[in-house]
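Hello,

Here is the structure I promised to pass on. Please have a look at it, then read my notes below.

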Amino acid sequence: MNFTDRLHEAGKALWHKSMVHPFIKELQSGELPIATFKFYLLQDRYYLREFSKLHKLIAAKTDNQEVKEFLLAGAQDLKDVEISVRGHFFEELNITASEIAETPVAPTAYNYVNHMHMTLNRSGVKPAVAALLPCYWLYQEIGEKMAEKGSPVSYYQEWIDTYDGEWYGANVAKMLHLTNSLAESATNEELEQMQTAFVRSSYYELQFWQMAYEKQDWK
Ligand SMILES: Cc1ncc(C[n+]2csc(CCO)c2C)c(N)n1
């Protein structure tokens, strides 16, 4: 059994809740209000920027060359994705620069990002990589499942397509390989920390849908 199989098992119940969350169900059926999708995109903009920064911060701390290269390439891809795919969404949905500037980060987006920074600072590279993994892997599972039926709303279909391509699949496979190779040289304590970080990120992935669904604020 690979270490990532163990992680999958540990996150399974939370992942299932993401799969059946109303945000996902309604994205698939087309019933999700566009304002809810916009809220998600605005919060995800913050998340993706920090996620890219985290790739660079972890890359600077690791002496594993393969991990370093993957993370630095990932940070660049994230910039490209944000500029091209998300930029296109923002234009089509008329999300303006002032709307972006005036949108405060919501509690869950803030907490999710803080959890990843905290994991890196307290526990180091291996748990930090495990904290990044649900982002890659859960979206692949969701994307593949949703692609079977598709969504009648073109924006939503475009979103699904981002996570169902061959290139994306190869990226997830590489991330799984790197997590397993880091686990090989990990102590039992580090393995525990990796699993905790993975489960917490899985929890925040679930909360991220809920945050958008209820347009969470600080009140
Ligand atoms: C909250 C949240 N979680 C995961 C993703 C998906 N995602 C973001 S970056 C990345 C790595 C490859 O580009 C993937 C899969 C998202 N957009 N927002």
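Start with Met-116. Leaving aside neighbours within four places in sequence, Met-116 is in contact with Leu-54, Ala-128, Ala-131 and Leu-132 (contact: C-beta atoms, placed from the backbone, within 7 Å). This is a predicted model: local features need pLDDT of at least 70, side-chain atom pairs count only at pLDDT 80 or more, and totals for chains, interfaces and linings use all residues. Residues are numbered from 1 along each chain as its sequence is written.

Met-116 sits in helix α6 (residues 107-123). Helices here are DSSP runs (H or I, at least four residues), numbered from the N terminus. Met-116 counts as buried because it has 25 C-beta neighbours inside 10 Å; the cut-off for buried is 20 or more other C-beta atoms within 10 Å of a residue's own. From Met-116 to Leu-176 is 60 residues in sequence and 18 Å in space, C-alpha to C-alpha.

Next, the core. The largest nonpolar core has 48 residues (such a core is a set of buried Ala, Val, Leu, Ile, Met, Phe, Trp, Tyr and Cys residues joined through C-beta atoms within 7 Å). Helix α7 gives the most to this core, with 12 residues. Ala-128, Val-129, Ala-130 and Leu-132 have the most contacts inside the core. Ala-128 touches Ile-58, Met-116, Thr-119 and Leu-120, not counting residues up to four places away in sequence.

Best wishes

Conventions
Buried ≥ 20, exposed ≤ 12 C-beta atoms within 10 Å, placed from the backbone. Helix = DSSP H or I, 4+ residues; strand = E, 2+ residues; numbered from the N terminus. Contact = placed C-beta atoms within 7 Å.
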